[in-house]
Amino acid sequence: MRFRWKRGRPSCKKLLCYTCLALIIIIVYRTIYEDGSQFEKEWTCEELRAKERLIQLCKDVNKGITGGNLCHDLCVSRELVIEDCLAHNKNNTIVFSGTWKNNDIVFKTKREPRHFEKLEDLLYNGLSDDEPTYDQDKIYERFISHVFEHVKNELSFFSLKDIMTEQRILELLWQPHPIEKLSRADISSLWLLIQRDEFIKLQLLQDMKHIPRVYGFCGRFYAVERVETLEEFSFTPFKKPMSWKKRLNAALDFLELSQEFSNTTFGNLHHCDIQPRNFGITKDMRVVALDIDAVFTTQEMEDFLEQPTCESNKQCDIVYCVSACNRTVHRCSRNILTNNLQVICQNVLLSHSWEEPGLLQRAPIHAQNKMLPVLSECASETLLPWKLGKMERIHKKLKKILSDELVSN
């Protein structure tokens, strides 16, 4: 029995429906695709008018409306030399490579937040009409007080006054240069810069070994020690990896970093975006944390977790900082289940990605046999949070295995 398909022309109504449906699909697809490609797009220096911004920066310095402790070196003495320009789509970040007094640097800026309190409103609000607004001592006192309050609130570190004075915070934000007399332009530029909490954290953690050095700022640009990212260093299958000895040294540095982050001036710091591209290796082979927007104090983490409602555990995660959802009250727990060492083992020392093998993967067989049980326990997600003493035990065991392996090489 043969079936014969009846072929006829579609009705006008059907044709119109098909056409409309096709147009809707095309419009939706193009909207999603273009938005996605715009988000993923690597902005060029030309598109962000990067060089023009530098030229304008020095014009503003000469006019006295922009300041900073590197402005003279950039615009007058030329000790700060700008070389190539790199640009990123994320937050419209502009990054220049350069040198400053024999130091290789990156000179970068990020788009400022849309909403923040204007400095003029803070400094002059409440002054009576007969009070001279040019009283520089009073303006300076108000400024350092507002800077201190801003830093305290950004870090959610409300006991800051117990460990540092207002003047000390200002000195740390101005380092490594000594504070002399700050001009109105200096004050204005520093206020704009500290609206990005990454700059605050970088400056306040300069006493740490595993934070890149900051060399100063001019306007909204600041100079940071230039490093090679760990991703560029050894995490690609098409590039010759680091030698086994260098990888051992880097792994030991990561162990040290995990301890250092647990015992800072501001207490335990949680790095919530631990992955190879967010760490670098300096010329003297120090492992340092880069782009530390995702480094938070314990209080910051608790503040974040208190706010959202939740239906599942996933909604309580802040990238790699994992919490749990209490489904009875639909609130996230204030307890962080993961810790820096566990995520370092999982995302850096080991890796489930073929494209980015872990720092200690592809090791000599004899070393793998020793390390793998400890690394597997460290990276495991089955027994979180760790019981008291587990971190110290795993850290000590890993350090001994890596140190012994280093000696034998």
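Trainee: Are cysteine 316 and cysteine 332 buried or exposed?
Mentor: This is a predicted model, and the answer rests on relative accessible area, with buried meaning under 20%. A disulfide joins cysteine 316 to cysteine 332, with an S to S distance of 2.1 Å. Both of these cysteines are buried.

Trainee: Which parts does this pair tie together, and how many residues apart are they in sequence?
Mentor: The torsion about the S-S bond of cysteine 316 and cysteine 332 is about -85 degrees, so the disulfide is left-handed. Cysteine 316 lies in the loop between H11 and E11, and cysteine 332 lies in strand E12 (residues 331–332). The pair therefore ties together parts whose separation in sequence is 16 residues.

Trainee: What is the handedness of the disulfide of cysteine 310 and cysteine 325?
Mentor: The sulfur atoms of cysteine 310 and cysteine 325 are joined at 2.1 Å. Cysteine 310 is in the loop between H11 and E11 and cysteine 325 is in strand E11, so the pair ties together parts that are 15 residues apart in sequence. The torsion about the S-S bond is about 90 degrees, so this disulfide is right-handed.

Trainee: Where do cysteine 272 and cysteine 321 lie, and how many residues apart are they?
Mentor: Cysteine 272 and cysteine 321 form a disulfide with their sulfur atoms 2.0 Å apart, and both residues are buried. The torsion about their S-S bond is about -95 degrees, so the disulfide is left-handed. The pair links distant parts of the chain: cysteine 272 is in the loop between strand E7 (269–271) and strand E8 (279–281), and cysteine 321 is in the loop between helix H11 (298–306) and strand E11 (325–326), at a separation of 49 residues.

Trainee: How many disulfides does the structure hold?
Mentor: Those discussed include the pair of cysteine 272 and cysteine 321 and the pair of cysteine 310 and cysteine 325. In the structure, the number of disulfides is seven.

Trainee: How do the axes of helix H6 and helix H8 cross, and which residues meet there?
Mentor: The axes of helix H6 (residues 166–174) and helix H8 (residues 197–204) come within 8 Å and cross at roughly 100 degrees. That makes H6 roughly perpendicular to H8. By class, their contact has seven nonpolar, one polar and no charged residues. In H6 the residues are Ile169, Leu172, Leu173 and Trp174, and in H8 they are Phe199, Ile200, Gln203 and Leu204.

Trainee: Where is proline 176 found?
Mentor: Most peptide bonds are trans. Glutamine 175 and proline 176 are joined by a cis peptide bond, with omega about 10 degrees. Proline 176 is found in the loop between H6 and helix H7 (184–193).

Trainee: Is asparagine 102 buried or exposed, and what is its relative accessible area?
Mentor: Most residues other than glycine have a negative phi. Asparagine 102 has a positive phi, near 70 degrees, and lies in the loop between strand E2 (94–100) and strand E3 (103–109). Exposed means over 50%. Asparagine 102 is exposed, with a relative accessible area of 79%.

Technical notes:
Residues are numbered from 1 along each chain as its sequence is written. This is a predicted model: local features need pLDDT of at least 70, side-chain atom pairs count only at pLDDT 80 or more; totals for chains, interfaces and linings use all residues. Side-chain values use heavy atoms; hydrogens and water are left out. Axes are lines fitted to C-alpha atoms, for helices over the stretch in contact, and angles run from 0 to 180 degrees between N-to-C directions. Helices (H or I, at least four residues) and strands (E, at least two) are DSSP runs, numbered from the N terminus. Angles under 35 degrees count as roughly parallel, over 145 as roughly antiparallel, 65 to 115 as roughly perpendicular and the rest as oblique. Contact means heavy atoms within 4.5 Å. Ala, Val, Leu, Ile, Met, Phe, Trp, Tyr, Cys and Pro count as nonpolar, Asp, Glu, Lys and Arg as charged, and the others, Gly among them, as polar. A disulfide is a pair of cysteine sulfur atoms within 2.5 Å. Buried means under 20% relative accessible area, exposed over 50%, partly exposed in between (1.4 Å probe, protein chains only).
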